[in-house]
Amino acid sequence: MEMANEWSHTALLIIDFQRDFFDERSVFAVPGAYAILPSVYDALECARKRGMFVVWVVREHDPEGRDVERFRRHLYGSGKQNPVSKGSIGAELIEGFEIKEGEYKLVKTRFSAFFNTNLHSLLQASGITDLVICGVQTPNCIRQTVFDAISLDYHSITVLYDATAAASVQIHHDNITDMENVGVVVVRVDQWDGSVVEPLPPLPSTGNVSAGK
């Protein structure tokens with residue numbers, strides 16, 4: 001009971017774990033995505049064992065692109081790729097992952113999981129004060145969700161270093177460093193789940209933060 005209570009105020013957010021972010025033929029593909037599959041799986045299993053609230057944050061767009069960011073609207077319409085469009089195979093979760101009973105699917109149409117969604121009210125109603133975040137990709141959806149969570153005064157925000165990916169290791173490092181500098185906790189999954197206690201090595205200094213693509 002004590003263990004359940006310990007994690008009852010923490011939610012795991014898994015962001016954009018959808019086929020179009022993994023399939024190299026998709027314009028939304030993230031080159032580093034496949035490498036983090038085992039770590040995200042381990043994080044998810046740990047969260048489920050702890051009885052944590054799991055939120056699957058996904059993109060689902062109108063096939064005509066009417067709810068897409070302006071700079072991406074040229075990708076949508078008849079005869080076009082229409083990435084992560086509602087009802088498409090590309091919008092489905094990557095193979096091997098599924099939403100279980102009690103878990104929540106949250107649809108967004110922008111980078112941040114909080115922008116124009118009910119995420120904050122959902123978390124408040126569920127008594128959530130602390131967030132653990134993983135998924136793709138680090139400079140965009142992860143970073144913007146994290147910074148909105150900071151602005152909304154969540155007590156603790158953790159990013160799982162090896163369960164988060166970007167277009168390159170360089171971009172990942174730079175953006176992780178930037179989030180650490182504003183108080184975000186960064187740990188590996190094996191540190192978070194308690195299987196090891198070895199500290200994360202210092203991240204290399206790589207200059208200015210890159211926003212990525």
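Predicted model: local features only at pLDDT ≥ 70, side-chain atom pairs only at ≥ 80, totals over all residues.
How many nonpolar, polar and charged residues does the lining of the second largest pocket have, by class?

View 1. Residues are numbered from 1 along each chain as its sequence is written, and side-chain values use heavy atoms, with hydrogens and water left out. The secondary structure comes to six helices and six strands, where helices (H or I, at least four residues) and strands (E, at least two) are DSSP runs numbered from the N terminus. Along the sequence they follow the pattern α-β-α-β-β-α-β-α-β-α-β-α. Of the 213 residues, 50% count as buried, a term that stands for under 20% relative accessible area, with exposed meaning over 50% and partly exposed in between (1.4 Å probe, protein chains only). Among the contacts (heavy atoms within 4.5 Å) with a separation of 6 or more, 76% come from residues 24 or more positions apart.

**View 2. Helix H4 and the elements around it.** Helix H4, residues 138-151, has 14 residues and spans 18 Å from its first C-alpha to its last, close to the 20 Å expected at 1.5 Å a residue; the expected span is 1.5 Å times one less than the number of residues. Its buried residues include Ile142, Thr145, Val146 and Ala149. An α-helix has 3.6 residues a turn, so residues three or four places apart point the same way. The buried residues of H4 pack against strands S1 (10-15), S2, S3, S4 (130-136) and S5 (156-165), and also against helix H5 (169-180). In the loop between S4 and H4 lies Gln137, which a cis peptide bond with omega of about -15° joins to Val136. Just after H4, Asp153 takes a positive phi of about 65°.

**View 3. Helix H5 and the buried Met179.** Helix H5 has 12 residues and reaches 16 Å from its first C-alpha to its last, close to the 16 Å expected at 1.5 Å a residue. Its buried residues, among them His172, His173, Asp174 and Asp178, pack against H4, S5 and strand S6 (185-187). Met179 belongs to this helix and is buried, its relative accessible area being 0%. Leaving aside neighbours within four places in sequence, Met179 is in contact with Thr138, Ile142, Arg143, Val146, Phe147, Val159 and Val184. The C-alpha atoms of Met179 and Phe147 are 8.1 Å apart, although the two residues are separated by 32 in sequence.

**View 4. The second largest pocket and its lining.** About 150 Å³ of space lies in the second largest pocket. Of the 13 residues that line this pocket, Arg19, Asp20, Asp23, Ile89 and Gly90 are the closest to its centre. A pocket is found on a 1 Å grid over the protein atoms alone, as an open set of points where a 1.4 Å probe fits, with protein on both sides within 12 Å along at least five of seven lines, and lining residues have an atom within 4 Å of a point. The volume is the space filled by probe spheres set on the points, which are joined across faces, edges and corners. By class, the lining has four nonpolar, five polar and four charged residues; Ala, Val, Leu, Ile, Met, Phe, Trp, Tyr, Cys and Pro count as nonpolar, Asp, Glu, Lys and Arg as charged, and the others, Gly among them, as polar.

**View 5. Buried loop residues with positive phi.** Asp16, in the loop between S1 and H2, has a positive phi of about 55° although it is not a glycine, and counts as buried at 0% relative accessibility. Val84, in the loop between S2 and S3, likewise has a positive phi, of about 40°.
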